[in-house]
Amino acid sequence: TIGGKEVKMNENQEREIFITLKTQDNRLTGFAGCNSVSGEFTLEEGNRIKFSKMATTRMFCPDTDEPAFLKVLEMADNFTVKDDVLSLNVGRRAPLAVFEAVYIN
């Protein structure tokens, strides 16, 4: 979900929105709905997280959740993990985005 709303794929979308957080080198990779996304993240005590050096490819795709997704990465300052669910939050408000883990063999 983004902003409490379920994210659905549009006809012009080639795959689902996702992020992969690689803790060994603090890198983020993913797909924002239209463009690939990459960057860095920093983890701090108290489940604090900060995303930085974010970059995307530059394709134009109307009617995707990409702008809202990129805003989440800009605003998020903390996270929670419960079972296989990651929530990115700002302050103590409702989650900005909620991701469900998918395991790939």
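Biologist: In which loop is the place of Cys 34? And is Cys 34 buried or exposed?

Modeller: In this predicted model, Cys 34 is placed in the loop between strand 2 and strand 3. To judge burial, one compares the relative accessible area with a cut-off, and buried means under 20%. Cys 34 has a relative accessible area of 4%, so it is buried.

Biologist: How far apart are Cys 34 and Leu 88 in sequence and in space?

Modeller: Sequence separation and spatial distance are given as two separate values. Cys 34 and Leu 88 are separated by 54 residues in sequence, and their C-alpha atoms are 21 Å apart in space.

Biologist: In what sense do strand 2 and strand 3 pair, and over how many bridges?

Modeller: For a pair of strands, one reads the direction, the bridges and the residues that stand opposite each other. Strand 2, residues 27-31, pairs with strand 3, residues 36-44, in the antiparallel sense over five bridges. Within this pair, Leu 28 is opposite Gly 39 of strand 3. The hairpin formed by strand 2 and strand 3 has four residues between the strands, and Gly 33 takes a positive phi near 115 degrees there.

Biologist: How many bridges join strand 3 to strand 4?

Modeller: Strand 3 and strand 4, the latter spanning residues 48-56, run antiparallel and are joined by seven bridges. Here Glu 44 stands opposite Arg 48 of strand 4. In this hairpin three residues lie between the strands, and Gly 46 has a positive phi near 75 degrees.

Biologist: Where is the place of Asn 26, and what is its phi?

Modeller: In such a case, one reads the backbone angle together with the location and the accessibility. Asn 26 is not a glycine, yet its phi is positive, at about 55 degrees. Asn 26 belongs to the loop between strand 1, residues 18-22, and strand 2. With a relative accessible area of 31%, Asn 26 is partly exposed.

Biologist: What is phi of Asp 83, and is Asp 83 buried or exposed?

Modeller: Asp 83, a residue other than glycine, has a positive phi near 55 degrees. Asp 83 lies in the loop between strand 5, residues 78-82, and strand 6, residues 85-89. Exposed means over 50% relative accessible area. The value for Asp 83 is 70%, so this residue is exposed.

Biologist: How many bridges do strand 5 and strand 6 pair over, and how many residues lie between the strands in their hairpin?

Modeller: Strand 5 and strand 6 are antiparallel and pair over five bridges. Val 81 has Leu 86 of strand 6 as its bridge partner. The hairpin has two residues between the strands, and it is there that Asp 83 takes its positive phi. Strand 6 is mostly covered, with four of its five residues buried.

Biologist: Over how many bridges do strand 6 and strand 7 pair, and which residues form the covered face of strand 7?

Modeller: Strand 6 pairs with strand 7 in the antiparallel sense over four bridges. Ser 87 is opposite Val 98 of strand 7, and Val 85 is opposite Glu 100 of strand 7. The covered face of strand 7 holds Ala 97 and Phe 99, while Val 98 and Glu 100 make up the uncovered face.

Biologist: How many aromatic pairs does the structure hold?

Modeller: There is one aromatic pair in the structure. The ring centres of Phe 69 and Phe 99 are 6.2 Å apart and the ring planes stand at 80 degrees, so the pair is edge-to-face. This pair links distant parts of the chain, with Phe 69 in helix 1, residues 66-75, and Phe 99 in strand 7, 30 residues apart. Phe 69 and Phe 99 are buried.

Biologist: What is the volume of the largest pocket, and how many residues line it?

Modeller: The largest pocket has a volume of about 1100 Å³. Its lining comprises 32 residues, and those nearest the centre are Ile 19, Phe 99, Glu 100, Ala 101 and Val 102. At least two lining residues come from each of strand 1, strand 3, strand 5, strand 6 and strand 7. The lining divides into 23 nonpolar, three polar and six charged residues.

How values were computed: Residues are numbered from 1 along each chain as its sequence is written. This is a predicted model: local features need pLDDT of at least 70, side-chain atom pairs count only at pLDDT 80 or more; totals for chains, interfaces and linings use all residues. Side-chain values use heavy atoms; hydrogens and water are left out. Two strands pair if DSSP finds at least two bridges between them. Buried means under 20% relative accessible area, exposed over 50%, partly exposed in between (1.4 Å probe, protein chains only). On a 1 Å grid over the protein atoms alone, a cavity is a set of points where a 1.4 Å probe fits but cannot get out, and a pocket is an open set with protein on both sides within 12 Å along at least five of seven lines; lining residues have an atom within 4 Å of a point. Grid points are joined across faces, edges and corners, and a volume is the space filled by probe spheres set on the points. Ala, Val, Leu, Ile, Met, Phe, Trp, Tyr, Cys and Pro count as nonpolar, Asp, Glu, Lys and Arg as charged, and the others, Gly among them, as polar. Rings of Phe, Tyr and Trp (its six-membered ring) pair if their centres lie within 6.5 Å; planes under 30 degrees apart count as stacked, over 60 as edge-to-face and the rest as tilted.
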